[in-house]
Structure formats: structure tokens, C-alpha cells
Amino acid sequence: MSQFSAVQNFSRRDVLKLFGAAGGGLALGASGISWSPMALAQGGETRLNLFIAIGEDDKVYLTCHRSEMGQGIRTGIPQVLADELGADWDKVVVVQGLADKRYGSQNTDGSRSIRKGFDKMREMGAMARTMLEQAAAEQLKVPVSELETVNNQVRHRVSGRSLRFGDLALAASKLPLPEVSELKLKSADAYTHIGKGHTIVDMEAILDGTAQYGFDVHLDNMLYASIVRPPVLGSQVAKLDDKAARAVAGVVDVIKLPTPQGAPSFQPLGGVAVLATNSWSAAQGRAALAIEWTSSANDSHDSSAYLTALKQAVQESGKPVRQMGEQQQSWPADKTIEAVYSVPYLAHAMMEPPTATANVTESGVEIWASTQTPQSAQGTVAGALGLEAEKVIVHVTLLGGGFGRKSKPDYCVEAALLSRDVKRPVKVCWSREDELQNGYLHAISAQYFKARVGDNGVEAMLQRTGFPSISSTFAEGVDEPSASELDLGFVDVPLAIDSLRCETVKAAAHTRIGWMRSVCNIQHGFGIGVFVDELAHKRGLDTISMWRELLGPDRQETFADQGFNYGNYGETLARHPVDTARYKGVIAAVEQKLATQPKAKANQGWGFAVHRSFTAFVATASLVEVSKDKQLKVLKTIIAIDAGTLVNPDRVASQLEGAVMFGLSIALMGRISFKDGRVEQSNFHDYPLLRLSQCPEIETILVPSDAPPAGVGEPGVPPVAPSIVNAIFAASGVRVRDLPLSDHFSV
């Protein structure tokens, strides 16, 4: 496939040069929640809000308002725009959008960029195409109905005459804007870019080293900051000796950061920053600091003791959050199976730790950051500096991974506060140790399942979950899960049984809790995924048959009259239903692939799991080998997804492969532990990620679907760990209920 031209980050000055000095052009942007386009000629702030711009040179500039972190969104959004526009792929230049509320949400998380933006981006492309066709009709003196738009040209089907986009741009920009209701969108069979495997637009720059990540930003007169943050949440500097640090060559200043008040939110943690002319001197100066810390209410936090207590708590009565049918009162021992599952704290551990560069001046502040949420960075920095949001310009660099960590802009605020104090640009560089010990962790958790099994199947089920809530990061005193967290794989599994009760238990937070790739689906998918395997063993069924039995007849579950309102990832159930037929579709896809696999050898076994999250359906089967000396080897993973309409199938397959690796890292080795309130891990030697030698063969299956686009980046993670655990049982008869697997096997 051909490549786009280089991705560009345009400032308003750039836009003025491009379209003011160069002459005319057509530009469409979004305003407020209406997403209505505005002509570039309107001037002012609209020039910062471009989605589509066409220059007289026939180049097509398409704005991506989301953040690129390897998932391919700077390719996916332009594919949708270009398709409805009729653009020539080779003449497209991608423009990275700055933080601006007029784009609508720019949060690149929740697997929603395409899911939420697909229809609106199609409308944007169709509006531009309609205006170009109207301009062509006037110039060619033909009915607009006789025109078609292909490869940057508007062609007259009858005569064969055509006009370039560049020839029409100025005239088109002066036409009235079409109403959304008047637009004619392409049918799926007419797509030219949607559904095609385009190479990501950043690939060439990534391969030749010219791509700009957050760590690559360099400004004149810039200082580098290395920060010692409190080792325990809630502690602060009691005593500081910085003489040795200031004596390090290259160190310019040592600054004590303000102590946050209230819930952590996106505030910096405080601590002491060493600023130097180079990163090495900053790190050496930091190492020379002598700091004594105050005590904290979290000093006694011990994750091992905490988990023991949490596992006990989920075995006792909790707060009901879903009740289907009558509450089961009788649990005969011979018909009852119960189990407790646990997942430890987890860290994001992306390749590029958080980094941001800030330059505060009298007129405002500019931020260059590897951020998933430029608007949150803009708003949080503005609040910290006492500025209007419009005074904060946020440039989005490439992200060396994000997984949810870079949607919390505390590091952007650190850079801005320090730049304000020293009156120079400052780059804050988190180290790997900082990222593991001072980040926002995925919550430690325990889950309890109990089922009554009769001759005809599962008659009743009770399940409880307990974990410190993400809400505790934003409000003091929160000690139970939020409804939105319970929607993530706990209350929303469409089981066809007579009695189902879901409960929660309290769990206080002792560190910053944040969302991580697939969020609470990690623990919930693990719990239900393994428990169904245990039910299958008790019923004498294979796991796939057990899932089909539990899902029951094909239907779209509405959860009506069950005591909760299902959030469905911000989507309506009409557009993105919880459809058991689609569950069965991915199950069947994996089952058919399994039928072609060689029979498992001695000490080998296949395991299966299925899960719906972010409105996509994913089934996974894994083959493992367990030697007599407890050496575990994952040999192969098959993963199938039904994510509705796919914009770029190549990236979907890549995201599934990455999800398998991410899920394997969690299952095999993932654990952050606390002792005396402090994180015990510090780098990849004690928080390892999947190595090449541990990675299995991965086979992906993309189930065809004409449903609306669903999430892709996160849904592949949840069924991975249970498929591995279930495979271990098939291979060895050993049932594991507590992650990581490195506690039980050599991995």
C-alpha cells in the first residue's frame, strides 16, 4: 500500500501560511457537539479545528483529533474521512489536532475513537464531497446528480470531463453548508478505504527514527527535571538536604513541589525536582538528595495481607447490584461449586514512561506531551496555573504505548509548574522506576463465585467482587466499586439461568487507582472465564458446550427489571446490543479453527474463554504444555473478534496480537506488591513483561460483520488469562485461581 505524506502538527500560524498566503481552500471542522463544518474563510479559532482541508495544490489535509500510540488511529480516522470524501490516498497529509474542546471528546481511551467517531467522520467527508460536487456542477454546467467523486477528482459520468479537488476548493468553500439530513453516505460495497489494510501513516518515520515521541521534544534553553515523589501515598517532604544535589555539574535548581490536597485526581504527587541542563545530571542530582518523609495513613499497607482480607470479605454477604429471578436460598453441598479468584495490583509498564515538556510565558503555556487526553491535560494545567483553558496549547506527540496511564496528565502539570518557577522550558522525564512506583495502578481484586448445578444445568449463581475503586482517585472516602466499573464484565454477562445474584464488598484504596487496558474486565473476565471452566468439569462438558448452555437461546439481553441500569460503554443497547448470537459467533469461529489443530500431546492441553467488552465479542483458545517439573510453556493462542465494521483489518489483527501479549504478561508474571505502604518492584527485572521466548504462535480471526464499529484495542485482553489457566487444568489437572502464574509454575 502507498503511504500518506508525513504526519504534520500544525499551529494556527502554519495554517495561516498554508491557506492565507497560498490562496484559497476548503476547510471543514467541528464546532461544539454539533460537529457542523465551518469554512476556513471564517477565520479565528476555526483554523485550529480542522478535520478536512483542501489546498489549491490538490493536497488533502485530514485532521486526526485523537492520540496515536501504536493502535493506528492516525490512519483509521483519515481512512473514514477519505472514503466519504473520495480522496486519493497518495495526496493525503495527516494533521495532528491540538487540544481543543470544539472537537468533542479527544480522549483516546475506552476503545471508542472509531466506535464513537465513525458516523461523524463519514458525515464530515460527505459534507466536503457534497460541496465539491456542487462547485463542479456550477463550473461544468451539469446536474449534480450526474457527478461522482473519485481519487481527488469530481467527474461527470456522461461526458467524462473532470475537475481536480484543488481546482474546486476555493469555490466550494464559498457555498452554503449542506444539512446532515441531506447527505448521501456511501453504501458499504462502495467503500474504497474503509475495510482496507492500509499501512499506518507513521510507519516510515517510526522505522527511520524521525518520528517524534514525547522524549524527543527539545526546546532552546530547556531544562530537564527528575523528580523524587513520595514513596507512600499521602506522605510529604519533612526534611530536605539538597547541598550534594546542587553540587552536581549541570544542576541548575532544586525545587520542592506543592503537596496535593484531597483526592489524588490528576494532581502531581509532590516531592522534590532536580532541574539540570541534561537528563544525566538531573538524575545524578536526584540520587544525591537526602529526604525524610512524613508519615501517612497508608504506611501500613501490605498487599499480601490486604488480599487475604479481601478474599475473605467476598465470601461474606455483600451489597446486591443485580438480581435476576428469585434469590437462591438453598445450596446443597453435593450440588454446589464455589471458588475465589484473585488478581494482584498491575502496572501499565508501557515502553515510554510519561513525559511532558512545558514552556510557560506571560501569554500562556505550551505543552508537548505523549498524552492520551489532550483536553484533560489542557484543563488540568490551566487549573494548576490559574489560567483560562484557551491559554494552554497542548501539542500531541506520538506515544510509546499508553494503556490508560497517559490519560492522567499529572506529569504535564509537573512540567508546567516547574517551567513557571524557573521561567524556562522544562521537560519532565519519568523513569521506569517512577512509572512502576508512582503511577496509577490497576486495582488488586478478589471475586467469589458459587453455583448450584442440577441434572439439567446451572440452576442458580451467586457472584461477588471486591476491589479498590478508580473513583477513590477522584473523591475521598470511596470504598466500593462504581456502577461503571461493575458494568465491565461483572453484571453484564448474559447468563440464561433462573437465579443470578451479583454483590459487591467494600475495599479501601491505599494508592492511586486508575484505568488500564480493558480496566475491570481484567479481573471480571478472569473470574467468570475460569469459573465456567470449573462448571464444565463438574457437568462433564467441554467448556465451549458449557458456555453455549449458559448463554441459552439467541437473544439480545436488556437486563430489564434486574436492579441496575447498564451503561454499555456509553452506547445504546439498540446500536450495540448484548447479543448472545454474536457471542456464539466468535465461539464457533474458534471452535472451527480448533478442529483443524493437531491433537494435544502428553502434558498439553487447550483452554477456552469468551468475553464481551467495549461492545466487541472475543473468544480465545490457548494451548499450553506443563512439564513434570512445573515448567509452563504457552504454545499457541487463537483469538477471534466480532467488532462490527472494521476500518483497518490489519490494525485490528495487530491489536489482537498485542492484546494476547499484554494478557500473557498479566497472566504469567504481572504483580505489583506493597510492603509498608511502598511498591516493592522497581523495573523490568522484578516486573517482567513477556519475552520473545515466552510468546506463543498467535492466530487471529476477524469475524465478518456489518454491525456498527465496536471497540478493538482493549477487548482482546480479558479472555487471555482464563484461557491459559483453563489450558493448564486440561494439561495437568492443576486448578489455578490466583494470578500470576509464576507463583505456581516456572514461566
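**Ground rules.** The model is predicted, so I kept local features at pLDDT of at least 70 and side-chain atom pairs at pLDDT 80 or more, while totals for chains, interfaces and linings use all residues. Residues are numbered from 1 along each chain as its sequence is written, and side-chain values use heavy atoms, with hydrogens and water left out.

**Entry 1, annotated span.** I looked up residues 208-297, which an unreviewed UniProt entry labels "domain: Aldehyde oxidase/xanthine dehydrogenase a/b hammerhead". UniProt positions follow the numbering used here, the feature name is shortened, and the annotation may be inferred rather than shown by experiment. The span is 16% helix and 31% strand, and its end C-alpha atoms lie 49 Å apart. Helices (H or I, at least four residues) and strands (E, at least two) are DSSP runs numbered from the N terminus.

I traced an open sheet with mixed pairing in the order 11-12-9-19-16-17-18. Its edge strands are strand 11 (251-257) and strand 18 (392-396), each pairing on one side only. Two strands pair if DSSP finds at least two bridges between them. Strand 17 (residues 364-369) runs parallel to strand 18, joined by five bridges; V365 stands opposite V392. I also found helix 9 (residues 374-385) lying across strand 16 (355-361), strand 17 and strand 18, at about 145 degrees to strand 18. Contact here means heavy atoms within 4.5 Å. Axes are lines fitted to C-alpha atoms, for helices over the stretch in contact, with angles from 0 to 180 degrees between N-to-C directions.

Strand 14 pairs antiparallel with strand 22 (residues 499-504) over five bridges, and K319 has T504 as its bridge partner.

I searched the whole structure and got six cavities of 30 Å³ or more. A cavity is a set of points on a 1 Å grid over the protein atoms alone where a 1.4 Å probe fits but cannot get out; lining residues have an atom within 4 Å of a point. Points are joined across faces, edges and corners, and a volume is the space filled by probe spheres set on them. The second largest cavity has a volume of about 60 Å³. I listed its lining as V343, I522, G663, I666, V717, P718, A721 and L739.

Methods: 1 Å grid on protein atoms, 1.4 Å probe; cavity = no way out; pocket = protein on both sides within 12 Å on 5 of 7 lines; lining within 4 Å.
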